[in-house]
Amino acid sequence: MVGSRFETEGTHPSVSFHSDNKWKKMYNEVYKNSKVRKFYNQIYDWAKSLPENVIVKKKTEAENLFKKIGITFSVYNNFDSTERLIPFDMFPRIISSTEWKKIKKGVIQRALAINAFLNDIYNSGEIIKAKLIPENLIYKNPAYEIKMIGFKVPKRIYSPIIGSDIVRINEKIFKVLEDNCRTPSGVSYLIENREIMMRMFPELFETLKVETVENYPSYLLQTLKSLMPKKCNKEPNIVILTPGSFNSAYYEHSFLADMMGIELVQGNDLFVDSGITYMKTTKGPKKVDIIYRRIDDQFLDPITFDNTSLIGVPGLFDSYKAGNVNICSAPGSGIADDKAIYTYMPDIIKFYLGEEAILENIKTWRCFNEDEKKYVLNNIQNLVVKEVHGSGGYGMLIGSNASKKKIDVFKRKIKLNPENFIAQPILSLSSVPIFSKKILSPRHVDLRPFCLIGGNKKIKLISGGLTRVALKENSLIVNSSQGGGVKDTWVLTE
């Protein structure tokens, strides 16, 4: 049962399971009524039987594989960047087929609603006319791109790749923490986590029926191909546009380019001539039809957007609006990333799809609302406060862990600029164990599935997602930049 220690007989000490009183309120995904859930039985027995020296050996083997493959991310600090290996834990997170069906339906529902919302706010604005969302929240939002008003994006798909961050509250309830619509990252780690687990423990996959994740690159390629620009009547030439090797997700950019068999380019590899976008090659210019961009809007085109950008392509936006090239995701899609817009997602789903949200939102207070702001200021020690445009675990406050000085700083920020903040309760997120020396110790996790939506609203979704884990005891922050790690996520077949 939870809280006990298990030792197996043998020459080598084996792993034990531990959970003390402070974790009792946390939902541990391995257990149900103090017994191991049937989905975890085999993994539980396997982990329990591993000698400590094998755990150490396998951890080293996994780290060496990550080094050999080059699976890294960058952490930026004071204008410097440090390359780090992303921490990987070998105890997998398991999701049953029944649980996955609900998650899948909910993620697809959000992807459809988000694209309908983006199409509406850049055209007729029906949701604003219906007064379901304050117009200032959209039209004065820095992520709203006025240059996109009235433009018909190919197939009406603004955001073809959406990564929704999902947390589990108890045995039955999954909730969405936020949606990532511009350039969601992490799918490369998802695929490599599986590859490494299969290399190290092939015997586990011989007896357990685990859904594959390796088809994501082919799904992504199909999705992008289905979003050809208006002036393309042949097999489209697709490239991935990266800011370069210093970007935190550069490994993922190169990984996906290799897996899809397409070119990875930087801004100076492309140019626009007579409204057509070309790629420089040793054989001369080659027309580009679709750009899967991994750089932010303001850097895409120094003529149209930020004129100091050194990583964009001059004239790209005009080429895009002329129908000669498609940019995925569309400029201006980032407004759907906004944490204030997130609070309206149940209304957005109801308005465009006529359905109730399958996956609920987390209770969220909007600080631009005077009454809600007062509540946040009076209860900040029990809340998580986030900047509406923040990401990566930056720009947030966890009230229960913060010093009085930091709380006072955030209070001043909220009073000065309430529109820039939302707040949520400090949730007891579900946990999955990590290997910690001889002990399997529970740690908070979240899940980021990746939903692909292409032409004719054709949707692809691999079974599973990126499980991020807070490796620090008691931590709620799972971002790799803040000390989090990753796990392999297994969706079991029927």
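Colleague: Leaving aside neighbours within four places in sequence, what is Asn-193 in contact with?

Modeller: This is a predicted model. In it, Asn-193 touches Phe-66, Phe-88, Leu-466, Val-486, Lys-487 and Asp-488, once neighbours within four places in sequence are left aside.

Colleague: Does Asn-193 count as buried or exposed?

Modeller: Asn-193 counts as buried, because its relative accessibility is 1% and the cut-off for buried is under 20%.

Colleague: Which helix is Asn-193 found in?

Modeller: Helix H6. That helix covers residues 187-200 and packs with helix H2, residues 52-69.

Colleague: At what angle do H2 and H6 pack, and how far apart are their axes?

Modeller: The angle is about 135°, and the axes lie 11 Å apart. H2 is therefore oblique to H6.

Colleague: Is the crossing left-handed or right-handed?

Modeller: Right-handed, as H2 passes H6.

Colleague: Which residues make the contact?

Modeller: From H2, Lys-58, Glu-61, Ala-62, Leu-65, Phe-66 and Ile-69. H6 supplies Glu-192, Asn-193, Ile-196, Arg-199 and Met-200.

Colleague: And by class, what does the contact of H2 with H6 have?

Modeller: Six nonpolar residues, one polar and four charged.

Colleague: Changing topic to sheets. What is the order of strands in the open sheet of four?

Modeller: The order is E17-E20-E18-E19, and the pairing is antiparallel. Strand E17 (365-366) and strand E19 (396-398) are the edge strands, each pairing on one side only.

Colleague: How many bridges pair E18 and E19?

Modeller: Three, in the antiparallel sense, with E18 spanning residues 383-387.

Colleague: Which strands does helix H14 lie across?

Modeller: H14, residues 404-416, lies across E18, E19 and strand E20 (421-425). Relative to E19, H14 runs at about 130°.

Colleague: Now the sheet of three strands. What order, and is the pairing parallel or antiparallel?

Modeller: That open sheet has the order E11-E12-E13, with antiparallel pairing. At its edges are strand E11 (270-273) and strand E13 (286-287), and each pairs on one side only.

Colleague: How many bridges join E11 to E12?

Modeller: Four bridges, with the two strands running antiparallel; E12 takes in residues 276-279.

Colleague: Which residue in E12 is the bridge partner of Asp-273?

Modeller: Ile-276.

Definitions and conventions
Residues are numbered from 1 along each chain as its sequence is written. This is a predicted model: local features need pLDDT of at least 70, side-chain atom pairs count only at pLDDT 80 or more; totals for chains, interfaces and linings use all residues. Side-chain values use heavy atoms; hydrogens and water are left out. Two strands pair if DSSP finds at least two bridges between them. Axes are lines fitted to C-alpha atoms, for helices over the stretch in contact, and angles run from 0 to 180 degrees between N-to-C directions. Angles under 35 degrees count as roughly parallel, over 145 as roughly antiparallel, 65 to 115 as roughly perpendicular and the rest as oblique. A crossing is left-handed if the near helix is turned anticlockwise from the far one by less than a right angle, and right-handed if clockwise. Contact means heavy atoms within 4.5 Å. Ala, Val, Leu, Ile, Met, Phe, Trp, Tyr, Cys and Pro count as nonpolar, Asp, Glu, Lys and Arg as charged, and the others, Gly among them, as polar. Buried means under 20% relative accessible area, exposed over 50%, partly exposed in between (1.4 Å probe, protein chains only).
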